[in-house]
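Here is a short tour for a first look. Keep the sequence and the 3D view side by side while reading.

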Amino acid sequence: MDNQESVFKIEDLNLWYGDKHVLKDVNLEIPRQGVTAIIGPSGCGKSSFLKILNRMVDQVSSARCYGKVWFNGRNILDNGMDLVKLRSEIGMVFQQPNPFPKSIFENVAFGPRVHGERNRQHLNEIVEKSLRAAALWDEVNGNLYHPAFSLSGGQQQRLCIARALAVGPKILLMDEPCSALDPVATSRIEDLIDSLQETYPILIVTHNMQQAARISHKTAFFLQGEIIEFNSTSEFFTNPRDQRTEDYITGRFG
């Protein structure tokens with residue numbers, strides 16, 4: 001499979017945690033450009049879906065996955081997938097900022113070091129480029145060897161984005177990246193997403209429908225492990241095709 005229009009093509013994806021059927025026959029294509037938002041009530045499978053896309057779900061001992069997830073011509077659920085390489089190509093940003101207990105510099109340099117980069121000048125260039133891309137360089141360039149935990153919550157989240165960018169990903173996955181942030185920090189992250197989407201496709205899970213409407217180009221609605229609707233964001237919010245979508249976005253449940 002090599003669809004130039006899609007960065008991911010998901011076919012008949014099912015996920016169980018033990019006896020719990022979490023995702024049910026999910027079929028979805030994630031565009032190679034722009035921001036795609038996933039919305040839905042708590043427990044509908046949104047975050048689990050993201051964890052499949054870079055095989056973090058493997059860390060859950062009770063998880064069983066079936067189906068196909070095509071990425072760069074390969075089904076990433078196949079045995080023998082190089083997970084270190086895969087996770088460098090599929091960047092992940094989590095709900096809570098999770099910097100390493102290291103300096104700002106070492107947080108960003110960590111990934112390139114893991115992949116074998118030892119040249120100090122190259123590392124310096126990667127760190128600066130990544131921090132600039134994450135709109136953080138101007139705030140921290142004089143304090144690169146200060147602890148990452150000295151940064152504010154919003155800065156820590158941008159640092160985590162820089163850390164993901166440092167290994168040259170093909171796509172960024174974001175799991176409610178603003179849910180732990182105040183409105184000012186949230187606005188900075190949304191501006192950053194708008195800037196980054198010119199370079200990287202972005203797939204974001206958000207509990208905030210207004211945020212999905214503001215920043216995304218396409219929106220998918222998950223409910224009880226199924227995709228109910230997937231459409232351009234403008235059509236999704238102004239002319240939903242499914243009554244359950246309309247009920248959700250108008251606040252009748254969720």
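Is Asn75 buried or exposed? Asn75 has a relative accessible area of 7%. Buried means under 20%, so Asn75 is buried. This is a predicted model.

Asn75 sits in strand S5, which covers residues 74–75. Its side chain reaches the backbone nitrogen of Val69 at 2.9 Å. Leaving aside residues up to four places away in sequence, Asn75 touches Gly67, Lys68, Val69, Trp70 and Met81.

## The four-stranded sheet

S5 belongs to an open sheet of four strands. The order is S2-S1-S4-S5, and the pairing is antiparallel. Strand S2 (20–31) and S5 are the edge strands, and each pairs on one side only.

Strand S1 (residues 6–17) and S2 run antiparallel and are joined by eight bridges. Within this pair, Leu13 has Val26 of S2 as its bridge partner. Helix H1 packs on this sheet. H1 touches S1, S2 and strand S4 (63–71), and its direction makes about 115 degrees with that of S1.

## The six-stranded sheet

A second topic is the sheet with mixed pairing. This open sheet has six strands, in the order S6-S7-S8-S3-S9-S10. Strand S6 (90–93) and strand S10 (226–232) stand at the edges. Each has a single partner strand, so one side of each is left without a neighbour in the sheet. On average, neighbouring strands are turned by 15 degrees against each other, direction ignored.

Look next at S3 and S9. Strand S3 (residues 35–39) pairs with strand S9 (residues 218–223) in the parallel sense, over four bridges. Here Thr36 stands opposite Lys218 in S9. Helix H6 (residues 153–165) packs on the sheet and touches S6 and S7. The direction of H6 makes about 170 degrees with that of S6.

## Helix H1

H1 spans residues 46–53. H1 lies across S3, S6, strand S7 (171–175), strand S8 (202–205) and S9. It runs at about 150 degrees to S8. H1 also packs on the four-stranded sheet, where it touches S1, S2 and S4.

How many of the eight residues of H1 are buried? Six are, so H1 is largely enclosed by the rest of the structure. The buried residues are Lys46, Ser48, Phe49, Leu50, Ile52 and Leu53. Just after H1, Arg55 takes a positive phi of about 65 degrees.

## Helices H3 and H6

Two packed helices are described by the angle between their axes and the distance between the axes. For H3 and H6, the angle is about 30 degrees and the axes are 7 Å apart. Angles under 35 degrees count as roughly parallel, and H3 and H6 are therefore roughly parallel to each other. H3 passes H6 in a right-handed crossing. H3 makes the contact with Ile104, Asn107 and Val108, and H6 makes it with Leu159, Ala162 and Arg163.

Where is Phe100 found? Phe100 is in the loop between S6 and helix H3 (104–114). Its relative accessibility is 25%, so Phe100 counts as partly exposed.

Not counting residues up to four places away in sequence, Phe100 touches Asn107, Phe110, Ala148, Phe149 and Arg163. Asn107 and Arg163 are also among the residues that make the contact of H3 with H6. Phe100 and Pro183 are 83 residues apart in sequence. In space, their C-alpha atoms are 25 Å apart.

Definitions and conventions. Residues are numbered from 1 along each chain as its sequence is written. This is a predicted model: local features need pLDDT of at least 70, side-chain atom pairs count only at pLDDT 80 or more; totals for chains, interfaces and linings use all residues. Side-chain values use heavy atoms; hydrogens and water are left out. Two strands pair if DSSP finds at least two bridges between them. Helices (H or I, at least four residues) and strands (E, at least two) are DSSP runs, numbered from the N terminus. Axes are lines fitted to C-alpha atoms, for helices over the stretch in contact, and angles run from 0 to 180 degrees between N-to-C directions. Contact means heavy atoms within 4.5 Å. Buried means under 20% relative accessible area, exposed over 50%, partly exposed in between (1.4 Å probe, protein chains only). A polar contact is a pair of N or O atoms within 3.5 Å; within protein, one must be able to donate a hydrogen and the other to accept it, and residues adjacent in sequence count only if both atoms are side-chain atoms. Angles under 35 degrees count as roughly parallel, over 145 as roughly antiparallel, 65 to 115 as roughly perpendicular and the rest as oblique. A crossing is left-handed if the near helix is turned anticlockwise from the far one by less than a right angle, and right-handed if clockwise.
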